[in-house]
Amino acid sequence: MRTLFSQAQRVLHAGSVALALSLFAQQALAGDVRTVEVTAQEFEFTPSTIKVEPGETVRLKLVNQGNMSHNLHLRNTDAKTATIQSGKSDTLEVTAPDNGELGFFCAIPGHEKAGMKGSIVVQ
Ligand SMILES: [Cu+2]
């Protein structure tokens with residue numbers, strides 16, 4: 001009985017070390033990327049201008065505070081969030097170029113024209 005008990009303790013200990021290591025790895029990864037929350041509603045993104053450092057990777061968290069479904073699509077790329085319903089969110093990681101700006105818009109027909117667009121400005 002005593003041997004069984006100490007084996008169980010060793011297994012538990014090994015498990016908690018593995019858990020601690022994986023939490024550390026996740027925190028280290030998360031620490032490298034800044035999250036910018038962008039809200040979508042009819043018919044605008046807030047903020048519509050997002051300033052980033054040259055080459056910076058940012059995680060855009062699109063939160064739909066409107067009534068209709070929306071998405072965020074990076075212009076001239078295939079990068080986009082899912083189309084999300086009211087109250088939902090989705091994230092998209094973007095690595096900025098060394099200069100210039102990246103436009104984004106909502107790809108639901110008519111939404112960009114109504115004002116759902118913005119830009120990521122490198123400075
Ligand atoms: Cu939209």
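Pro47 sits in the loop between S2 and S3. Helices (H or I, at least four residues) and strands (E, at least two) are DSSP runs, numbered from the N terminus. The bond that joins Thr46 to Pro47 is a cis peptide bond, with omega about -5 degrees. A cis peptide bond also joins Glu42 and Phe43, where omega is about -10 degrees. Phe43 belongs to the loop between S1 and S2. Most residues other than glycine have a negative phi, and most peptide bonds are trans. Asn76 is not a glycine, but its phi is positive, about 65 degrees. This residue lies in the loop between S5 and strand S6 (89–95).

Now the ground rules. This is a predicted model: local features need pLDDT of at least 70, side-chain atom pairs count only at pLDDT 80 or more, and totals for chains, interfaces and linings use all residues. Residues are numbered from 1 along each chain as its sequence is written. The pLDDT is the predictor's confidence in each residue, from 0 to 100. Its average over the chain is 85, and 75% of the residues score at least 70. Over residues 19–28 pLDDT stays under 50, and the model has zero contacts there beyond four places in sequence. Two residues are in contact if their C-beta atoms, placed from the backbone, lie within 7 Å. Where pLDDT is low, the predicted coordinates should not be read in detail.

Next, the overall layout. The chain has one helix and eight strands. From the N terminus on, the order is α-β-β-β-β-β-β-β-β. Among contacts between residues at least 6 apart in sequence, 60% join residues at least 24 apart.

Start with S1. S1 and S2 form a hairpin with two residues between them. Two strands pair if DSSP finds at least two bridges between them. S1 pairs with strand S2 (residues 44–46) in the antiparallel sense, over three bridges. In this pairing Thr39 stands opposite Thr46 of S2. S1 also pairs with S4, in the parallel sense, over seven bridges. There, Arg34 has Val58 of S4 as its bridge partner.

Which strands make up the open sheet of four, and in what order? The order is S3-S8-S7-S5, with mixed pairing. Strand S3 (49–52) and strand S5 (73–74) stand at the edges; each has a single partner strand, so one side of each is left without a neighbour in the sheet. Go across the sheet from S3. S3 and strand S8 (residues 117–122) pair in the parallel sense over four bridges, and Ile50 stands opposite Ile120 in S8. S7 and S8 are antiparallel, paired over five bridges. Phe104 stands opposite Gly118 in S8. S5 and S7 run antiparallel, joined by two bridges. Leu74 has Phe104 in S7 as its bridge partner.

A residue is buried if 20 or more other C-beta atoms lie within 10 Å of its own, exposed if 12 or fewer, and partly exposed in between, with C-beta atoms placed from the backbone. Buried residues make up 18% of the 123 residues in the chain. The largest nonpolar core has 15 residues, of which Val38, Ala40, Leu72 and Ile120 touch the most other members. Strand S1 (34–41), strand S4 (57–64) and strand S7 (101–105) each give two or more residues to this core. S7 provides the largest share, three residues. Leaving aside neighbours within four places in sequence, Val38 is in contact with Phe45, Thr46, Pro47, Leu60, Lys61, Leu62 and Leu72.

Val122 is in strand S8. It counts as partly exposed, because 17 C-beta neighbours lie inside 10 Å. Val122 and Lys51 are 71 residues apart along the chain, yet their C-alpha atoms are separated by 6.0 Å. Ile108 lies in the loop between S7 and S8. It is partly exposed too, with 17 other C-beta atoms within 10 Å. Not counting residues up to four places away in sequence, Ile108 touches Ser69, His70, Asn71 and Thr83. Asn76 is exposed, because it has 8 other C-beta atoms within 10 Å.

Conventions: Core = buried A, V, L, I, M, F, W, Y, C linked by C-beta atoms within 7 Å.
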